[in-house]
Amino acid sequence: MLEVKNLHARVDGNEILRGIDLTVNRGEIHAIMGPNGSGKSTLAHILAGREGYEVTGGEVMYEGKDLLAMLPEMRAREGVFLAFQYPVEIAGVSNMYFLRAALNAIRKHRGLDELDAMDFLKVVREKMKLLEMDETLMNRPVNEGFSGGEKKRNEIFQMAVLEPKLAILDETDSGLDIDALRMVADGINRLRSPERAIVLVTHYQRLLSYVVPDYVHVLSDGRIVRSGGKDLALELEQKGYAWLEESAAPVKSGVSL
Amino acid sequence: MSTKPDTIEALVNREYKWGFVTEIEADAVPSGLSEDTIRLISAKKNEPEFMLEWRLNAYRHWMTLEASDAEPKWANIHYPPIDYQKIVYYSAPKTKKGGPQNLEDVDPELLRTYEKLGIPLREREILSGVAIDAVFDSVSVATTFREKLGELGIIFCSFSEAVLEHPELVKKYLGSVVPYTDNFFAALNSAVFTDGSFCYIPKGVRCPMELSTYFRINAKNTGQFERTLIIAEEGSYVSYLEGCTAPMRDENQLHAAVVELIAHDDATIKYSTVQNWYPGDKEGKGGIYNFVTKRGKCLGRNSKISWTQVETGSAITWKYPSCILQGDNSVGEFYSVALTNNYQQADTGTKMIHIGKNTRSTIVSKGISAGHGQNSYRGMVKILKSATGARNYSQCDSLLLGDKCGAHTFPYLEVKNSTAQVEHEATTSKIGEDQIFYFRQRGLSIEDAVGMIVNGFCKQVFRELPMEFAVEAQKLLGVSLEGSVG
């Protein structure tokens, strides 16, 4: 579904990604871990199409198409979803209105009928139940006055409504207390599906205790320095990132799975 | 995080859809301003002597202003000196024998013009529930639903007709809210005004439809100086709406209007404006100078005047729809959305003058700046000694798109009664690249994103507009911002 090949990218002239290789198939969950500044969020943003990054080499194929050539909104309509680390607040635009517009933009792109307010409400109610969300959140402006936990849950809720094929979750666990973390993790687990790939970008192992990944990759200094199964995350938790950075040199960069 | 600000820049690429010119033969006076010009205008309109006198007095007053300070200089707007001798003060589409008596006499070219603007003047095609007075350059070309309104005793006609048919009302109220000595542009307007709308709602009558005037400037080098006078007698209600457009021309054109509202005991006047004069091109060339004086007097007890304005057009807007709250318990409201894009400038706001006891006023101002636009809110809340128990609430929000535009706020408070309560809130926010990207990542286009954010920002004001016009205003904002984020 997603194939990243030898991806190089710069921000303000600094090389942040130095040759990333990553293959993600449908139904898989991949965790991308790494210390601060290793390039995890950069990778997530480049996949979603955020401006301000200069891709200097490599390619990204998504369902056989050149992902990097697509506008961000086209990527979204084609099924790429990014759960933001810091979801922005949008005053004056209700969550309900925003999400319906988004869902309809995606449905329209796929040749489906747009949902009217009543039909949309049905979808929302169903997903709210799935994620045990509070309905009052829907009538509030997007993310405005939401707690950190509510913002992250709202991202997962949007994901549930928009039903992406590829979901990239950027540090969705950061800033959450243990209860909120569990709720977010439950939400993600409920959205696991053989049709959907999920990429979890995270600094800590703790989310991975709840959402068990199929693969774990460790990013350091713009390269994937180690890839493995779920146990790699535990090993990392015990030994710290320094362990990998020390042993990084002999590992061939960008192990592809 | 590094982001490129040029995403927001590109939205400053608008199209003005109303910029066409109607080819029509005009009866115009030569450019220039003198007592002779005024006499000529007055003669063309067969005005009674009192009207000419009033005009000439206004002109003489204006001359003294022109000789000293000329235009008011305190506003945060900049433009080259205006040559008042180069302006044509009267231009009317040519008609057979003394003006159209009914729609059948109106030049079909004019009817087509209004149709093109989305304002059909034939009553059967018209939006039900809206009566329209259509003002083209210096004259009113048609007023619809007059008979139906007449059955209720409502007078809705062009100002010129009012002067001839209801001189006693005009004499009594003209200049009673905005005297010609009020300011430079009010003096100019009083001297040379050519037409406008007149509404009179008799005692106890609730006007069953929206009254509306549609102003169109067409001729080149012509100024439009219209005057609107609305009188609501005791216990009456009227909702009035005005709209305006002009062709795209490289020269600036002056529009200096005066609007006066009078509300007697228990009367309510709701006055809405959707202002869409030609704003000039992307480099700031051309466009209308919209220098307007609008004021309402809540003369009676429990009277109410509510101004709602959506200002998206004009190169420069200088406008402060105000309320004099004279009657006890009277209420003044001002709801405003002002948008400046490209090189547009707006200095707009309101004055709420509390004189009567327990008078209340509400001010909600939403300024949107994009491109190189400069947007100033200027508002005065004045509570006189007599205004025991007066209250004011002001909210003033600015939204910025891009980093080359400006938002400014100049609130003035003058409180002379210690029982008064005055509140002022203000915010400034920016449509950030972060917000735009958030929308795009959810599948929405940049235009959708900006449209949704801007409309959300303006919701409080749009709510105050009559339904059809709220929809219209939303669309207009979308068009005005087209291309300013991209």
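The dialogue below concerns a strand and several loop residues of chain B.

Q: What kind of model is this, and how are its residues numbered?
A: It is a predicted model, in which local features need pLDDT of at least 70 and side-chain atom pairs count only at pLDDT 80 or more, while totals for chains, interfaces and linings use all residues. Residues are numbered from 1 along each chain as its sequence is written, and chains are lettered from A and ligands numbered from 1 in the order in which they are written.

Q: How is burial read, and is strand 13 of chain B enclosed or open?
A: A residue is buried if 20 or more other C-beta atoms lie within 10 Å of its own, exposed if 12 or fewer, and partly exposed in between, with C-beta atoms placed from the backbone. Strands (E, at least two residues) are DSSP runs, numbered from the N terminus. In strand 13 (residues 268–275) of chain B, 8 of the 8 residues are buried, so this strand is largely enclosed by the rest of the structure.

Q: Which strands pair with strand 13 of chain B?
A: Two strands pair if DSSP finds at least two bridges between them. Strand 10 (residues 237–245) of chain B runs parallel to strand 13 and is joined to it by 8 bridges; here Val238(B) stands opposite Ile269(B). Strand 15 (residues 304–311) of chain B also pairs with strand 13 in the parallel sense, over 8 bridges, and Lys304(B) is the bridge partner of Thr268(B).

Q: Where is Asn342(B), and what is its phi?
A: Asn342(B) lies in the loop between strand 18 (331–340) and strand 19 (345–354) of chain B. Its phi is near 50°, a positive value in a residue other than glycine. Asn342(B) is buried because 23 other C-beta atoms lie within 10 Å.

Q: Where is Asn358(B), and is it buried or partly exposed?
A: Asn358(B) is in the loop between strand 19 and strand 20 (360–369) of chain B. Its phi is also near 50°, positive in a residue other than glycine. With 18 other C-beta atoms within 10 Å, Asn358(B) is partly exposed.

Q: Which residues does Lys357(B) touch?
A: Two residues are in contact if their C-beta atoms, placed from the backbone, lie within 7 Å. Not counting residues up to four places away in sequence, Lys357(B) touches Asp328(B), Ala387(B), Thr388(B) and Gly389(B).

Conventions. Helix = DSSP H or I, 4+ residues; strand = E, 2+ residues; numbered from the N terminus.
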